[in-house]
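Please read this briefing alongside the sequence and the model, and find each element on the screen as its name comes up.

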Amino acid sequence: DGPRALAAVDLGASSGRVMLGIVADGRIEMVPAHRFGNRLERVDGHLCWDLDALWAEIRHGLSAAHGLAVSRGLEGIAAIGVDSWAVDYALVGPEVCATDGPGERTRDDAPVPGSGHRLTPSSDPCSAPGPGRRHGEVIAYRDERTDGVADHFSRTVSREQQYALTGIAQQPFNTLYQLVADDRLADLPAGSTLLMLPDAIGHLLTGRRRTELTNASSTGMLSVGGADWSEELLVSAGVDRELLAPFIAPGDVLGTVRPELGTELGIGEVPVIAVGSHDTASAVLAVPATGPGPVAYISSGTWSLIGLELTDAVATSEALEAGFTNEGGVDGTVRFLQNVAGMWLVSESIRQWQDDGLDVDLEGLLVAAAAEPSARALIDPTDPQFLAPGQMADRVIAAARSVGADGTGLSRSTLTTPAHVVRCILESLALTYRDQLATACRIAGVPRPERLHVVGGGSRNALLNQLTADALEIDVVAGPTEATALGNLALQAAALGTVPAGRASIRELVRASVDLKTFRPSTR
Ligand code: LFR
């Protein structure tokens, strides 16, 4: 088999990218085709994502990826996969006949719950159905509309019962609570569908409506084990099953790019493959682990997701109390993990300082923070108070509790400069990683791992990696930094038969494709 070109669309909270992946000789070469910014913006009182802007960037990126592939002597891109952060969704109206103009005729494409991978035959087919029109904005999970909703909902279905049903930790932003707070649902036209963000992009690409399973688990409405939605939760939340699209498993083909779009972008009718569309699922697939024993990882980006890859969920009361979640992974795996506010704490602090007119950037601050002595002040980066944007440095300073050299003592924070604040955040992250990984191992009943893999953009942070190795007293293996895009591409390659299926061979491909750096505890 000759080289194959694939395109990964990978959206993050602060940036997105379309990555060209060239698969040849047992490795993937990644070439950035297009990078673009992303940010929260307030629309009609809510924090939202600008899906129209993202869609324009994605279209541009796919054309660019195709052009790059052709310039390398390849035929163009052979497949596309899409991933993004989890829990957020678009509400999409019935399909529109592109030929008839918006809203005049609709196609009967009612979702068949749990029907797997087959398409419902259309009773009134359009010759060229365009994607359905979006109803309102994609409201972001950091929006305050869900404040208090989880607590309130617990009076209908107890926290314990929710956890027993789904294995998903109660986070204020879970799709379930967003839907309870979503006053638009009552006004949706018949035939509308809730599509998780990557599925909404898949719909724009192909016209198909599906719910990819790894991301479905992030909703907090999918039964533990992932076989179906929890009827009890749907009913209690007032979510109509008809609103939800049939499932698709990662690795299955969603469809092909709509002909007119394929022509517009110059890419043709390329297959779109469902990947682990929850970015963390794709990132953990690209953890370059070897050997037996559960894999311990941090997917480090806006969030730090720290935990273990397991084969079965651990939905015990201990796990619930400790705040651990059981997210669905690729290959039937479970991500038993804790959400820790990660580089978000730093990037939001930098945003505040820059707004205040300070001339600071991440690189400079990391150098300055590395030169600082221990901050001796700590915050709890799992605290939901850090979820919302704005005035982050002030909030860190207010929350920081000074500790003596022996870890006890003082109570007032001593953070006076940006470098202090950054040092405090990074030390707090490292100590939190230590405690959370120990808790995960204890609850899951697995031995302490020999190494911790850190993947994602945050794995570039050498200071944090070293602090983490020192706190955990185990090796920290950093990389790949583009784990999410790589996991996305690798699963496409497996789906096309270019590499053998299964995560062992995918991880072999990953290891052959990237450079890793090991940080050893300095105390050893
Ligand atoms: C990381 C991530 C986390 C999820 C959070 C919100 O980008 O997807 O896994 O908990 O964003 O969607």
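Two residues are in contact if their C-beta atoms, placed from the backbone, lie within 7 Å. Helices (H or I, at least four residues) and strands (E, at least two) are DSSP runs, numbered from the N terminus. This is a predicted model, in which local features need pLDDT of at least 70 and side-chain atom pairs count only at pLDDT 80 or more, while totals for chains, interfaces and linings use all residues. Residues are numbered from 1 along each chain as its sequence is written.

**Helix packing**

- Two packed helices are described by the angle between their axes and the distance between the axes.
- Leu345, Val346, Ser349 and Trp353 of helix 11 are in contact with Pro418, Val421, Val422 and Ile425 of helix 14.
- By class, this contact of helix 11 with helix 14 has seven nonpolar, one polar and no charged residues, where Ala, Val, Leu, Ile, Met, Phe, Trp, Tyr, Cys and Pro count as nonpolar, Asp, Glu, Lys and Arg as charged, and the others, Gly among them, as polar.
- Helix 11 (residues 343-355) and helix 14 (residues 418-444) pack at about 165 degrees, with their axes 10 Å apart; axes are lines fitted to C-alpha atoms, for helices over the stretch in contact, and angles run from 0 to 180 degrees between N-to-C directions.
- Helix 11 and helix 14 are therefore roughly antiparallel to each other, given that angles under 35 degrees count as roughly parallel, over 145 as roughly antiparallel, 65 to 115 as roughly perpendicular and the rest as oblique.
- The axes of helix 13 (residues 392-399) and helix 14 come within 11 Å and cross at roughly 65 degrees, which makes helix 13 roughly perpendicular to helix 14.
- Ala393, Val396 and Ile397 of helix 13 make this contact with Val421, Cys424 and Ile425 of helix 14, and by class it has six nonpolar, no polar and no charged residues.

**Sheets**

- Strands of a sheet pair through backbone hydrogen bonds, either parallel or antiparallel.
- An open sheet of seven strands has the order 18-19-17-16-22-23-24 with mixed pairing, where two strands pair if DSSP finds at least two bridges between them.
- Its edge strands, each pairing on one side only, are strand 18 (325-328) and strand 24 (517-519).
- Within this sheet, strand 16 (residues 296-300) pairs with strand 17 in the antiparallel sense over five bridges, and Ile298 stands opposite Ile306 in strand 17.
- Another open sheet, of three strands, has the order 4-5-10 with antiparallel pairing, and its edge strands are strand 4 (41-43) and strand 10 (138-139).
- Strand 5 (residues 46-49) is joined to strand 10 by two bridges, and the bridge partner of Cys48 in strand 10 is Ile139.

**Surroundings of the ligand**

- The residues around the ligand include Trp85, Tyr141, His278, Asp279, Trp303 and Asn339; a residue is near a molecule or strand if its C-beta atom, placed from the backbone, lies within 6 Å of it.
- Helix 9 (279-285) and strand 17 (303-310) are the elements that give two or more residues to this shell.
- By class, the shell around the ligand has six nonpolar, five polar and one charged residues.

**Backbone details in loops**

- A cis peptide bond, with omega about 0 degrees, joins Gly479 and Pro480, and Pro480 is found in the loop between strand 23 and helix 16 (483-495).
- Asp331, although not a glycine, has a positive phi of about 70 degrees, and Asp331 is found in the loop between strand 18 and strand 19 (334-341).
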